[in-house]
Amino acid sequence: MPLLNDPKWVKDREDYMGRSWAKEDMGKGRPEALAHLREAFELLESTLLADGRQWILRTEQPSLADIEAIWPFHWLSGMEGALPPSLFGKDNFPKVYTWIDRFSAALKAARKSAPKVITLKGAEAIQYITQAEFAEPDGEVDSQDPLALKKGQDVESWPIDSGFNHRDRGQLVALTRQEIVLKTQAKVGHRDVHIHHPRTNFRIRAVSGGGESKL
């Protein structure tokens with residue numbers, strides 16, 4: 001990966017992932033990563049795709065299940081040198097590669113029919129966000145939730161799988177079995193914004209002092 005030669009990019013990834021992204025350290029972890037990846041290829045080849053289905057849930061078109069499942073295989077198969085042919089050749093996993101090719105064709109067709117993408121700069125995006133109305137009303141905090149947090153309480157929430165060095169703080173707006181919603185104030189325009197996190201792979205705890213938005 002040429003980006004591994006960019007110190008700024010490496011530092012950004014290390015801060016996000018919480019581990020070293022130095023070339024020598026990445027190289028040490030490659031054999032183990034390939035072993036786990038081969039296991040994942042084998043799982044798809046011998047179970048979900050074994051019966052010849054076109055898509056994971058036997059749908060007419062790719063579904064969210066395909067999008068969620070395919071991205072590492074689609075990404076790595078297109079990265080030169082990432083997958084050793086002796087372990088990951090098309091003869092080893094023909095159904096997986098046929099699935100990847102089918103998805104690539106569907107993606108290409110979808111891009112042709114999709115509306116033109118509008119690109120916004122940071123300042124423009126902030127303006128749109130802070131001027132927009134909330135898409136849904138305030139939710140409720142589950143009174144039976146084991147954390148026993150209260151609506152309006154100052155909390156912080158952060159991911160525990162990656163990106164855990166950066167945490168969002170604000171007032172708790174809603175807490176369900178599936179979602180965390182915080183309210184904080186944007187630096188630009190000083191309007192309230194809501195931050196939504198899933199419960200899966202996120203942690204939330206009470207804090208003091210409120211929070212500040214990055215917007």
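This report describes the nonpolar cores, a strand hairpin, the salt bridges and a surface patch of a predicted model.

## Nonpolar cores

The largest nonpolar core holds 19 residues, and of these Phe41, Leu83, Phe88, Val96 and Trp99 touch the most other members. Helix 2 (23-48), helix 3 (64-77) and helix 5 (94-113) are the elements that give two or more residues to this core, and helix 5 provides the largest share, with five residues. When neighbours within four places in sequence are left aside, Phe41 is in contact with Phe73, Leu83, Phe88, Phe93, Val96 and Tyr97.

Apart from this core lies another one, of nine residues, which include Leu149, Leu175, Leu182 and Ile204. In soluble globular proteins, nonpolar side chains tend to be buried together.

## The hairpin of strands 3 and 4

Strand 3 (residues 179-185) pairs with strand 4 (residues 192-198) in the antiparallel sense, over seven bridges. Within this pairing, Ile180 is placed opposite His197 of strand 4. Six residues lie between the two strands of the hairpin, where Gly189 takes a positive phi near 85 degrees.

## Salt bridges

The structure contains eight salt bridges. In one of them Arg13 is joined to Asp12, with the closest N and O atoms 2.8 Å apart; Arg13 is partly exposed at a relative accessible area of 24%, and Asp12 is likewise partly exposed, at 41%. Another salt bridge links Asp101 with Lys90, the closest N and O atoms being 3.8 Å apart. Because Asp101 lies in helix 5 and Lys90 in the loop between helix 4 (85-88) and helix 5, this pair ties together parts that are 11 residues apart in sequence. Asp101 has a relative accessible area of 42% and is partly exposed, whereas Lys90, at 51%, counts as exposed.

Arg205 forms a salt bridge with Glu156, in which the closest N and O atoms are 2.6 Å apart. Arg205 belongs to strand 5 (residues 202-206) and Glu156 to strand 1 (residues 154-159), so the pair ties together parts that are 49 residues apart in sequence. Through salt bridges that share partners, Glu156, Arg167, Arg169 and Arg205 are joined into one network.

## A nonpolar surface patch

On the surface, Ile118, Leu120 and Tyr128 form a nonpolar patch whose accessible area is about 370 Å² together. Tyr128 is located in helix 6 (residues 122-131) and is exposed, its relative accessible area being 59%.

Note on methods
Residues are numbered from 1 along each chain as its sequence is written. This is a predicted model: local features need pLDDT of at least 70, side-chain atom pairs count only at pLDDT 80 or more; totals for chains, interfaces and linings use all residues. Side-chain values use heavy atoms; hydrogens and water are left out. Patches are made of residues with over 30% relative accessible area and no salt bridge: like charges are joined within 9 Å, nonpolar side chains (Val, Leu, Ile, Met, Phe, Trp, Tyr) within 5 Å. Accessible areas come from the Shrake-Rupley method with a 1.4 Å probe; for residues, only the protein chains shown count as cover. A salt bridge is a side-chain nitrogen of Lys or Arg within 4 Å of a carboxyl oxygen of Asp or Glu. Helices (H or I, at least four residues) and strands (E, at least two) are DSSP runs, numbered from the N terminus. Buried means under 20% relative accessible area, exposed over 50%, partly exposed in between (1.4 Å probe, protein chains only). A nonpolar core is a set of buried Ala, Val, Leu, Ile, Met, Phe, Trp, Tyr and Cys residues joined through side-chain atoms within 4.5 Å. Contact means heavy atoms within 4.5 Å. Two strands pair if DSSP finds at least two bridges between them.
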